[in-house]
Amino acid sequence: MPEGIEVEYYRQTALRALNREIRLVGTVDQNYLRDGHSLIDIKNLLEGNSFEFTNRRGKLLVLSVSNGMSIGLRFGMTGRLLVDGVSAIETLEYSSTKNEPKWDRFSLKFSDGGTLSIRDPRRLGAVQINPDIEVLGVDLYEVTISSLLKALGGSSRALKTCLMDQSKIAGLGNLLTDEILWRSSIDPRRAANSLAYDEQKRLAYHIRQTVKQLTKLGGSHTGKLQAHRVTGGLCPKDGEPLERYTIGGRTTYSCPLHQI
DNA sequence: CTCGACTCCTGTTAGC
DNA sequence: TGCTAACAGGAGTCGA
């Protein structure tokens, strides 16, 4: 599923959509309109204008429009961004391997004949007008030890819940978080405020390292743990059977031996 | 404050 | 073989 890394790929794809006149907005799936806006609002905002800049905070991709407004694109679990029919990502984890144009939930045409669309089988993405980027926490690429301490705060919530809280740290999804905690050798169920300073430092280090490394490798599904996140999977570090449970409704895998 | 339960959604797959 | 139910997880709401 698209986590911050995938949306960063999408942002780079979106660079190809800049400074091209938008001729018309084709489809906007009803489920994509979640702030009381209508298709007409989107059309009025975009048609005749062009995108000028890209921005991204966590999993939110923002395209600024030549009229001073902006639109925010959210990709849910299975959304991919296509510009001129081409996506930075061919197939997504947990999504379909098929590639059906009928899954285009948001699409527009440029005057030069090109297109931009979000192809999303499960319809969990969204299009927002002038999204408020400040409700999101520090971007996953910008995490430092001090911003991590601020994000964890004095919270007694489970550590994994805090890491996935987009208002604290923006862009970490389920797979990245499991990978990071596995590398950090910390149990995801630990209270966020129970970490010793060396654990906080270790966690900050592995957030930075993991995000950087998996960006090079090709996405949030390319971690060392991912292939073993199945029932009966063994820890790739020490061979111990992985534990499977849910935190905040999200499937979690961790190693009972070295994640303490 | 924190939590689980429920909602949205649909292609894929495990299991009978 | 064919059907059904569970599953995947990002994001939001609600009540305890």
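Guide: The surface near DNA strand B is made up of three nonpolar, eight polar and four charged residues; here Ala, Val, Leu, Ile, Met, Phe, Trp, Tyr, Cys and Pro count as nonpolar, Asp, Glu, Lys and Arg as charged, and the others, Gly among them, as polar. This is a predicted model, in which local features need pLDDT of at least 70 and side-chain atom pairs count only at pLDDT 80 or more, while totals for chains, interfaces and linings use all residues. Residues are numbered from 1 along each chain as its sequence is written, chains are lettered from A and ligands numbered from 1 in the order in which they are written.

DNA strand B is surrounded by 15 residues, of which Ser96, Pro121, Arg123, Ser155 and Arg157 are the closest; a residue is near a strand if its C-beta atom, placed from the backbone, lies within 6 Å of it. Two of these, Ser155 and Arg157, are also in contact with cysteine 162, as are Ala151, Leu152, Lys168 and Ala192, leaving aside neighbours within four places in sequence (contact: C-beta atoms, placed from the backbone, within 7 Å).

Cys162 belongs to the largest nonpolar core, of 29 residues, where Cys162, Leu140, Leu163, Ile169 and Leu172 touch the most other members. Such a core is a set of buried Ala, Val, Leu, Ile, Met, Phe, Trp, Tyr and Cys residues joined through C-beta atoms within 7 Å, and a residue is buried if 20 or more other C-beta atoms lie within 10 Å of its own. Two or more residues each come from α3 (145-152), α4 (159-164), β11, α5 (174-184) and α6; α5 gives the largest share, five residues. Helices (H or I, at least four residues) and strands (E, at least two) are DSSP runs, numbered from the N terminus. Another core, of 27 residues, lies apart from this one and includes Val7, Tyr32, Leu45 and Leu108.

Turning to the sheet, five strands form an open arrangement in the order β1-β7-β8-β5-β6, with antiparallel pairing; strands pair if DSSP finds at least two bridges between them. The edge strands, β1 (22-28) and β6 (86-87), each pair on one side only. Between β1 and β7 (residues 104-110) there are four bridges in the antiparallel sense, and valine 28 stands opposite phenylalanine 106 in β7. Helix α1 (residues 4-14) packs on the sheet, touching β5 (80-83) and β6. Eight of the 11 residues of α1 are buried, among them Val7 and Tyr10.

Technical notes. Two residues are in contact if their C-beta atoms, placed from the backbone, lie within 7 Å. Axes are lines fitted to C-alpha atoms, for helices over the stretch in contact, and angles run from 0 to 180 degrees between N-to-C directions. A residue is buried if 20 or more other C-beta atoms lie within 10 Å of its own, exposed if 12 or fewer, and partly exposed in between; C-beta atoms are placed from the backbone.
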